[in-house]
Amino acid sequence: MSGIDDLPPLREVIEAHGLRAKKSLGQNFLLDLNLTARIARVGGDLTGAQVLEVGPGPGGLTRGLLAEGAAQVLAVEKDARCLPALADIAAAYPGRLEVVNADALALDVSAHLTPPWRVCANLPYNVGTELLVRWLTPAAWPPPWESLTLMFQKEVAERIVAGPGTKAYGRLAILAQWRCDARIALTLPPEAFSPPPKVHSAVVHLTALPAPRFAAQADVLERVVARGFNQRRKMLRAALKGLAPDMGDRLRAAGIAPTDRAEQVSLEAWCALAREVARG
Ligand code: SAM
């Protein structure tokens with residue numbers, strides 16, 4: 001028994017099912033169930049919540065989510081070796097855990113959960129940013145999820161919450177902060193994982209705003225920001241050249257000096273520039 005439930009400690013589970021961590025699947029497992037329960041609580045009370053978990057592995061965070069009261073957890077795991085361990089958890093929480101053996105990048109979550117759902121995951125680092133960008137750029141806003149509680153490498157977490165004038169500020173910060181509140185809830189040293197990764201990690205919590213912070217067309221904002229930060233050392237009049245006619249005038253109309261660099265521009269000014277570019 002492990003403290004938060006009647007299931008065996010994770011070290012025993014990993015040993016019993018031969019779950020030797022695979023680097024190719026980004027497997028760094030959390031073994032401390034008090035820590036996984038704490039991560040599950042980052043988004044607030046889970047009572048009655050529907051939760052998507054990507055990459056449950058041996059199920060440490062899954063057990064945290066269920067012990068903290070989630071009504072329904074959809075756990076999507078690519079590695080079939082983890083399925084027996086996850087089946088034991090499903091049996092301990094009847095009717096509350098659905099396990100799908102699939103690639104999270106190919107899964108249609110709406111076929112399994114009813115919005116609004118939450119996402120809570122210790123993400124595989126190789127697909128973490130791609131999943132985040134997908135969640136941040138749905139066809140319509142508000143999205144089907146209400147919050148994302150996600151483990152990243154600390155350096156990626158810092159890029160999500162960064163403000164202007166910092167090296168970490170870029171496309172990810174704009175995408176995240178335009179339509180979400182984003183904060184780093186927890187930082188973790190390598191030793192919190194088995195095997196320990198090379199870098200520190202951090203849990204980021206994002207809450208979807210009902211509407212964007214500033215008006216802008218999503219596809220235009222993404223295009224302008226991607227171009228601007230692609231050549232972040234260049235002045236914007238050069239970095240954005242060719243994106244639309246009269247870029248100098250459009251930059252000035254958005255309150256941006258054509259000699260500014262991307263990392264000096266506030267979120268509000270990027271949105272103003274996207275509106276100027278969308279004028280055609
Ligand atoms: N949640 C577990 C924990 O905290 O101990 C495991 C986290 S481990 C960092 C990432 C997990 O994601 C692994 O179990 C791995 O097999 C799984 N995974 C990797 N790529 C995946 C993908 N594309 N879709 C679903 N799961 C994936």
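Which residues lie nearest the centre of the largest pocket? Select Leu25, Gly55, Glu77, Asn122 and Pro124 to find them, among the 30 residues that line this pocket. A pocket, on a 1 Å grid over the protein atoms alone, is an open set of points with protein on both sides within 12 Å along at least five of seven lines. A cavity is a set of points where a 1.4 Å probe fits but cannot get out, and lining residues have an atom within 4 Å of a point.

Before going on, note that this is a predicted model: local features need pLDDT of at least 70, side-chain atom pairs count only at pLDDT 80 or more, and totals for chains, interfaces and linings use all residues. Residues are numbered from 1 along each chain as its sequence is written, and side-chain values use heavy atoms, with hydrogens and water left out.

**Stop 1: the largest pocket**

Stay at this pocket. About 430 Å³ of space lies in it; a volume is the space filled by probe spheres set on the grid points, which are joined across faces, edges and corners. Now colour β1, β2 (50-54), α3 (60-67), β3 and α5 (125-136), the elements that give two or more residues to the lining. Helices (H or I, at least four residues) and strands (E, at least two) are DSSP runs, numbered from the N terminus. Pick out α5, which gives the most to this lining, with 4 residues. The lining divides into 16 nonpolar, 10 polar and 4 charged residues. Here Ala, Val, Leu, Ile, Met, Phe, Trp, Tyr, Cys and Pro count as nonpolar, Asp, Glu, Lys and Arg as charged, and the others, Gly among them, as polar.

**Stop 2: the ligand**

Show the ligand. It sits in the largest pocket, meaning that more than half of its atoms lie within 2 Å of the pocket's grid points. Next, show β1 (29-30) and β3 (72-77), the elements that give two or more residues to the shell around the ligand. Of the 20 residues around the ligand, Leu30, Gly55, Glu77, Asp103 and Asn122 come nearest; a residue is near if one of its heavy atoms lies within 4 Å. The shell has 9 nonpolar, 6 polar and 5 charged residues.

Zoom in on the polar contacts, pairs of N or O atoms within 3.5 Å. At Leu30, a backbone N or O atom lies 2.8 Å from a ligand oxygen atom. At Gly55, a polar backbone atom is 2.7 Å from a ligand nitrogen atom. At Pro56, a polar backbone atom is 3.4 Å from a nitrogen atom of the ligand. How much of the ligand does the protein bury? Taken alone the ligand exposes 600 Å², and the protein buries 99% of that, by the Shrake-Rupley method with a 1.4 Å probe.

**Stop 3: the second largest pocket**

Select Lys23, Asn28, Pro196, Pro197 and Lys198. They lie nearest the centre of the second largest pocket, which is lined by 14 residues. About 310 Å³ of space lies there.

**Stop 4: the cavities**

How many cavities of 30 Å³ or more does a search of the whole structure find? There are 2. For the largest cavity, select its lining residues, including Ala40, Leu65, Cys120 and His205. About 50 Å³ of space lies inside. β5 brings the largest share of this lining, 3 residues.

Finish at Arg171, Ile174, Leu175, Leu221, Glu222 and Val225, which line the second largest cavity. Show α7 (171-179) and α8 (218-230), the elements that give two or more residues to this lining. About 30 Å³ of space lies in this cavity.

Methods. Polar contact = N/O pair within 3.5 Å; in protein donor to acceptor, adjacent residues only side chain to side chain.
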